[in-house]
Amino acid sequence: MIKKVKTVKDKFKIYGDFISAAPYGSGHINDTLRVIVNQGGTELHYIFQRINENIFKNPPALMNNIKRVTEHIFKKIEDEGDEEITRHTLYVIKALDGRSYTQDEEGKYWRAYIFIEKARTYDVIETAEQAYEAASAFGLFQKDLADLPGERLHETIPDFHNTPRRFADLEKAVAADTAGRVKDAQAEIDFVMNRKADTSKLTDLLAEGKLSERITHNDTKLNNVMIDDETGKGVCVIDLDTVMPGLVHYDFGDMVRTSTSPAAEDEKDLSKVTMQFHMFESLLRGYLSTAGDFLTPRERENLPFSGKLITLEIGIRFLTDYLEGDIYFKTHREGHNLDRCRTQFKLVESIEEQMDDMTALLNSID
Ligand code: ADP
Ligand code: GN1
Ligand code: MG
């Protein structure tokens, strides 16, 4: 792999001698590496990613989305006189042939980004300030893309946040029981079946024209936003593979899913999993600080429910993957997807218990 990265590096407009490459981060989808090169005695860092083609079927179209989105944000912050532009948006390094990606000898797709220094991502929320900063960064991201010119973005994963569809996929996985695991997950399957009515609530509003499609990130988990090491401020929204048309709720909801519980996504001790209200409050205030002025009243009123919905949806996806034999998400231990599913459903319950308070808080904010 490392030898391959060295060859791939030579296909990008990266000037300097290859020093090393090592796996980086804890994403569930792509292969991510930090690559170090020596340029006249100075070490330069890059992020290289091999795009997961089991999941993303059309890498050139995906990279065209990312190019359009990052160039649009680049121009905006350049006009504002930002002096740290390549810390505030992902910056795609071009290949020697001018494309925004390259291919290795096996035809696999690779991209390279400038490495964002003096900032990091968090897998588990630590402070309410981080929740505020993450939410305000994702809200700003939506706002910046509201005037993206050109045709509709490519749907990199069709029906990505179509929750009724995810429900139907689970039903199919249960009926097929290909890995023989249904017997080990009956309580979790029942949990989902009891909440069928929730799954279509937002997609129905969209179909009735009561909610509108916007350009959204669609994978706003906490470790997809970089936080500055010194200031604690949100620096940059990353992981742009799923930027495409969507509902704002799935973005806000995934922040609630990933930034309110003090437990890891795969925590086995479910007593640790809880929706901490003060974290929700910070998220809500952070999100409204940047997104508040473009949200419609109906979008706004569904924000508390969105946290429950996407937590249920991601739990359904982990459960489906468990039943299908772990074919989608990277797993690192036996039962990993089932453990992840259980934390999601525990969190759904915690959100359900606090839904009235969440709504009351929203209604108390101008
Ligand atoms: P995945 O789709 O697999 O989640 P990500 O794009 O989120 O992959 O990248 C995985 C991790 O790599 C991130 O959580 C982050 O820690 C790190 N990372 C990604 N892009 C950059 C970057 N430009 N600079 C610094 N770190 C990055
Ligand atoms: C995946 O790429 P990553 O690790 O940030 C997944 C998300 C899930 C998340 C669960 C393209 O996100 O949809 O919410 O895992 N991304 C894709 O942790 O499926
Ligand atoms: Mg990620």
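Modeller: A polar contact is a pair of N or O atoms within 3.5 Å; within protein, one atom must be able to donate a hydrogen and the other to accept it, and residues adjacent in sequence count only if both atoms are side-chain atoms. The model is predicted, so local features need pLDDT of at least 70 and side-chain atom pairs pLDDT 80 or more, while totals for chains, interfaces and linings use all residues. Residues are numbered from 1 along each chain as written, chains are lettered from A and ligands numbered from 1 in written order, and side-chain values use heavy atoms, without hydrogens or water.

Ligand 2 has an oxygen atom 3.1 Å from an N or O atom in the side chain of aspartate 219. For asparagine 224, the corresponding separation between a side-chain N or O atom and an oxygen of ligand 2 is 3.0 Å. Arginine 257 places a polar side-chain atom 3.3 Å from an oxygen atom of ligand 2. In total, 18 residues surround ligand 2 (a heavy atom within 4 Å), and the closest are His28, Lys221, Glu265, Arg317 and Tyr328.

Asparagine 224 also belongs to the site of the magnesium ion, ligand 3: the protein donors there are Asn224, through OD1, and Asp239, through OD, lying 2.2 Å from the ion. (Donors are N, O and S atoms within 2.8 Å of the metal, or 3.2 Å for Na, K and Ca; water is not among the atoms, so sites may look incomplete.) Asparagine 224 is in the loop between strands 7 and 8, and aspartate 239 is in the loop between strands 9 and 10, so the pair ties together parts that are 15 residues apart in sequence. (Strands, E, of at least two residues, and helices, H or I, of at least four, are DSSP runs numbered from the N terminus.) Asparagine 224 counts as buried because its relative accessibility is 4%, whereas aspartate 239, at 25%, is partly exposed. (Buried means under 20% relative accessible area, exposed over 50%, and partly exposed in between, with a 1.4 Å probe and protein chains only.)

The strands beside these loops may now be considered. Isoleucine 227 is found in strand 8 and is buried, with a relative accessible area of 3%. Beyond its neighbours within four places in sequence, isoleucine 227 is in contact (heavy atoms within 4.5 Å) with Ala119, Arg120, Tyr122, Gln130, Glu133, Gly232, Lys233, Gly234 and Val235.

Glycine 246 lies in strand 10. Glycine 246 is buried because its relative accessible area is 14%. Its C-alpha is 5.5 Å from that of arginine 214, although 32 residues separate them in sequence. Apart from neighbours within four places in sequence, glycine 246 has contacts with Ser212, Glu213, Arg214, Thr216 and Asn218.

Helix 9, residues 248–259, is among the elements that cover the buried residues of helix 5; others include helix 6 (186–193), helix 7 (196–199) and helix 12 (303–323). The buried residues of helix 5 are Thr163, Arg166, Phe167, Leu170 and Ala173. Down the axis of helix 5, they fall within an arc of 120° and so line one face (the arc is that of the directions from the helix axis to the C-beta atoms). Lys172, Ala175 and Ala176 are exposed on the other side of helix 5. Aspartate 177 follows helix 5 and has a positive phi, near 40°.
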